[in-house]
Amino acid sequence: MTAHLMFQPDQARQLQTCIHCGLCLPSCPTYMVTGREADSPRGRLVLMNSIDRHEWSDRSGHFVHIDRCLGCLACETACPSGVPYGSLLEQVRSFQRREVTPLKLGSRTILRWTTAPVLRRRLTRLLAWLQKLRLDRLAVRLRLLPRPLRMQLAGLPKLPAKSFTAAAEQRFEPRHPEGIHRETVALFAGCVMDSWFANVHAATVRVMQWNGYTVIVPAGQHCCGALHAHAGIDTATGAKGERVGDMSAFSQTGAAALIVNSAGCGAHLKHAAADGLPQVVDAVEWLVDNGLLPPVHKLPEKVTYDAPCHLFHAQKIVQQPEALLRAACENLIPLPESEVCCGSAGLYSLTEPDLSRQILGRKLAMLEKVDAEIVATANPGCQMQIQGGLKLDGQRRQVRHTLEILDAAYSLDETYRRVFAE
Amino acid sequence: MPLNDSLTRRFRKIVGRPNVDTGTAELLTFASDGLTLHQAAPECVVYPQSTGEVAAIVKACNRAGVPFVARGAGTGLSGGAIIDGGVIIQLSRMNQIIYLSADNRFAIVQPGVVNSYLSLQTRPYGLEFAPDPSSQAACTIGGNVAENAGGPHTLKQGVTLNHVLGQTVVMADGQVATFGGPYLAQTGPSFSSFLVGSEGTLGITTEVTVRLVPVAAGITTMLATFADPAGATDSVTAILAARILPSALEFIDQLCIQAVEAHLKVGFPTDAGAILLIELDTDDERSKGQAETIEALCREHGAIDFTLAQSEEERQKLWLGRKHVAGAMGKISPAYYTNDGVVPRSRLTDILQAVYRIAGIHKLKVANIAHAGDGNIHPLILFDPDTPDGADRALACSEDILAACLEMGGSLSGEHGIGLEKREMMARMYSGADLAHMRRLRNGLSPLGLLNPCKLLPEGARCGEVKNGATLPEGTWL
């Protein structure tokens, strides 16, 4: 019997389901860039196994390649034997943080300033002030910051005056054009989404109302902890006073579904959410699967869709975004390699800037080939990464959340505009 | 023997520092290809990007007397792309389609181009690369050439050999040679053909001119269900005897069906003893008649159900199921070994019975798929690598199956190659004179024996010598 260093026996068995066929290789964004077996899912599983079996005393070389993994899970889609790569990776990362190398200070700082409520409020005020004085543009143009940070700054949306959630629970009544009332759903606001993408939440609520749903936005919401889990940080012990992963705000809502409009949070909550919570459903998935009210007018702009990995690969939500966009847009143009990662991947663009840039470069090259004015996606990280990349690349295209596009299509109808102007 | 520093320094000069790996972790991941039974790590991995760089690397290896092997995606199933010590020349970054002539139906590609990617790029021109091994989503053209890869659709279209027109090759001594060209009719003997299927022992292909064939205008896909596997194999013989040449004719047995359905749900009948997946590359009046004949023949041999795929989606699903059979084995067994024997197709029923019998003797489970039209069987021998003799029993079982194939007038490998695992069996298939000539060819082209040593031919002592570092014969021109 071999002693296992980090895997439980059942996880070690799951690792053995890899038959080394190599079908995952061409789907892996880092393998696409480096062509190196160790930077492929198959290679990383070999390394995980080696670490687990304690084959080498010096494992730093192994972890270099684990660190380079985006966690995009394209390999899970490609795998014919169903290796649960994502959960194995999380286990390895958590082992790494505990036993090998703690998360770097820079990453820890960024995590705290984006997910802890008080710090995030301060950061948001600082950034909004920079935007107001146009100092952000100056910093980008004069290259005053390292490239990864400049890109984030360039990709930042225009920051709203205040976050979407309020001190008290908000309730939005259905506004179906024919007066139909459907289920009550609760909206998960998240951390970065709540502060920086309040307009996406507003659009989400409007389209939900228009489709006949009652939307509750509970107060006292917290970060779901997806970024922490991907980085290998145990939120239960690590985040003092931040209440990361605390979903108690939703336990008493009695809602039919917990609606999430950020792919990364949705993927994490679907497999990590505690009992007693409403069923976690992606917003687009919910709308399309329950019958979408088709917009009267379609958006005339040319739109293309870049699938967030945590929607496509982690949640297997493949058809719904396309169905929604087809209903909302006159010109939906297919994007080659839409399901390949853009290189954002949480903190990845900051921890592995070179690889992230090369992976983004491939995405931008694909976008350049496609004649589209708007790029639709459904995750804040992807949205900022692609928008920042496009700006620095000199491509004048807007990146929008899928639901903002649906909201815009509905808004072409006067009734919709009037109802929500009130 | 640690690789000498001057050689790695030389490599770094040739391809640049980041393109040479010597770290423990990186080397560990190259210890096996698609066959995990053999594990042996290289001492160095080099990533060239051009023919010139490959040639310079090969020359450096020659000068240092260090063995080397070329590798693509590492999907091979005979241990052909591993080396015990020495150098792996990793071609994954040579992945460009250099030239495409739709009018003349050929493309010039680098060896690291992925098989299905090539067809994806040529399909807008109504053309595709015909060989379609099950690993086509990952395997590379260089590896297809080295192993003379097949696939379901090679029944009608032929194997890789029939689709390679020319090659640029870095020979074992580092010289660059070009054989063949973009046209079918060529002058002189076809040297390119010698290289196809030589498993990377005669040279390293750095550019391949491949033939492209028109994409079928219409497709008819049929699924025949049998209670008894023998009925399925008898039908194969009957269909081909009726002078119908389907574009694919695949056999899948019960254990495979159940493994796939447990995981993918493509619509295979889980209670069937076996199914045949039959495809015609037309959907006109004539194919309608042929499909009727095929159905009649299948029913005559005991088919309990016979359906036609009604949509492209349904068709794709059936093929997805077929291509994922091997992968699905990971779900039902911690390890398996793929046999690649060939028999004359009239002996399919006999060999299948023999396979089940032999597996029973070795107390092992076996799941069967076969490119039935080619008589190429792929018994997947399931075993547990954690039991002390698990792997040995699987190998012994496979050897007995191959012996049965040879007895029926068949061969050792349909498409996976001989590699490491079956080279000692070559003496059972070929006469001493046959092998002597193969060895003369190899020794003539690779006199130092550094290029992919220990593979393909039974070598005996010579292989051990290479492993301990070859010495340079005097007067060798480098």
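In this predicted model, B:His163 is buried, its relative accessibility being 0%, and its place in chain B is the loop that runs between helix H6 (154-157) and strand S8 (164-171). Leaving aside residues up to four places away in sequence, B:His163 is in contact with B:Phe129, B:Ala130 and B:Pro131, with B:Gln157 and B:Gly158, and with B:Thr209, B:Val210, B:Arg211 and B:Val213. B:Asn148, which stands 15 residues from B:His163 in sequence, has its C-alpha 9.9 Å from that of B:His163.

Another buried residue of chain B is B:Thr338, with a relative accessibility of 11%, and this threonine belongs to strand S16 (residues 335-338). B:Thr338 touches B:His378, B:Pro379, B:Leu380 and B:His416, when residues up to four places away in sequence are not counted. The C-alpha atoms of B:Thr338 and B:Ser78 are 9.0 Å apart, although 260 residues separate the two in sequence.

In chain A, the loop between strand S7 (329-333) and helix H19 (348-351) holds A:Ser344. Because buried means under 20% relative accessible area, A:Ser344 counts as buried at 5%. Its contacts, again without residues up to four places away in sequence, are A:Ser349, A:Gly381, A:Cys382 and A:Gln385.

On the H8(B) side the contact is made by B:Ser235, B:Ala238 and B:Ile239, and on the H10(B) side by B:Ile294, B:Leu297 and B:Cys298. In chain A, helix H12 (residues 198-210) and helix H23 (residues 414-421) have axes that come within 12 Å and cross at roughly 115°, and here too the crossing is right-handed. A:Arg206, A:Val207, A:Gln209 and A:Trp210 of H12(A) meet A:Thr415, A:Tyr416, A:Val419 and A:Phe420 of H23(A).

The surface of chain A carries a nonpolar patch of about 820 Å², made by A:Leu126, A:Trp129, A:Leu133, A:Leu135, A:Leu138, A:Leu142, A:Leu144, A:Leu145 and A:Leu149. Helix H8 (117-132) and helix H9 (135-141) of chain A each supply at least two residues of this patch. A:Trp129 is found in helix H8 of chain A, and its relative accessibility of 48% makes this tryptophan partly exposed.

Charged side chains complete the picture. Side chains of opposite charge can pair when their charged atoms come close, and the structure holds 27 salt bridges over all chains. One of these joins A:Asp246 and A:Arg243 at 2.7 Å, N to O, with A:Arg243 partly exposed at a relative accessible area of 46%. B:Asp389 and B:Arg393 form a salt bridge in which the closest N and O atoms are 3.6 Å apart; B:Asp389 is partly exposed at 36% relative accessible area, and B:Arg393 is partly exposed at 28%. In the salt bridge between B:Arg423 and B:Glu424, the closest N and O atoms are 3.9 Å apart; B:Arg423 is buried, with a relative accessible area of 15%, whereas B:Glu424 is exposed, with 52%. A network of salt bridges links A:Arg36, A:Asp39 and A:Arg68 with B:Asp21.

How values were computed: Residues are numbered from 1 along each chain as its sequence is written. Chains are lettered from A and ligands numbered from 1 in the order in which they are written. This is a predicted model: local features need pLDDT of at least 70, side-chain atom pairs count only at pLDDT 80 or more; totals for chains, interfaces and linings use all residues. Side-chain values use heavy atoms; hydrogens and water are left out. Patches are made of residues with over 30% relative accessible area and no salt bridge: like charges are joined within 9 Å, nonpolar side chains (Val, Leu, Ile, Met, Phe, Trp, Tyr) within 5 Å. Accessible areas come from the Shrake-Rupley method with a 1.4 Å probe; for residues, only the protein chains shown count as cover. A salt bridge is a side-chain nitrogen of Lys or Arg within 4 Å of a carboxyl oxygen of Asp or Glu. Helices (H or I, at least four residues) and strands (E, at least two) are DSSP runs, numbered from the N terminus. Buried means under 20% relative accessible area, exposed over 50%, partly exposed in between (1.4 Å probe, protein chains only). Contact means heavy atoms within 4.5 Å. Axes are lines fitted to C-alpha atoms, for helices over the stretch in contact, and angles run from 0 to 180 degrees between N-to-C directions. A crossing is left-handed if the near helix is turned anticlockwise from the far one by less than a right angle, and right-handed if clockwise.
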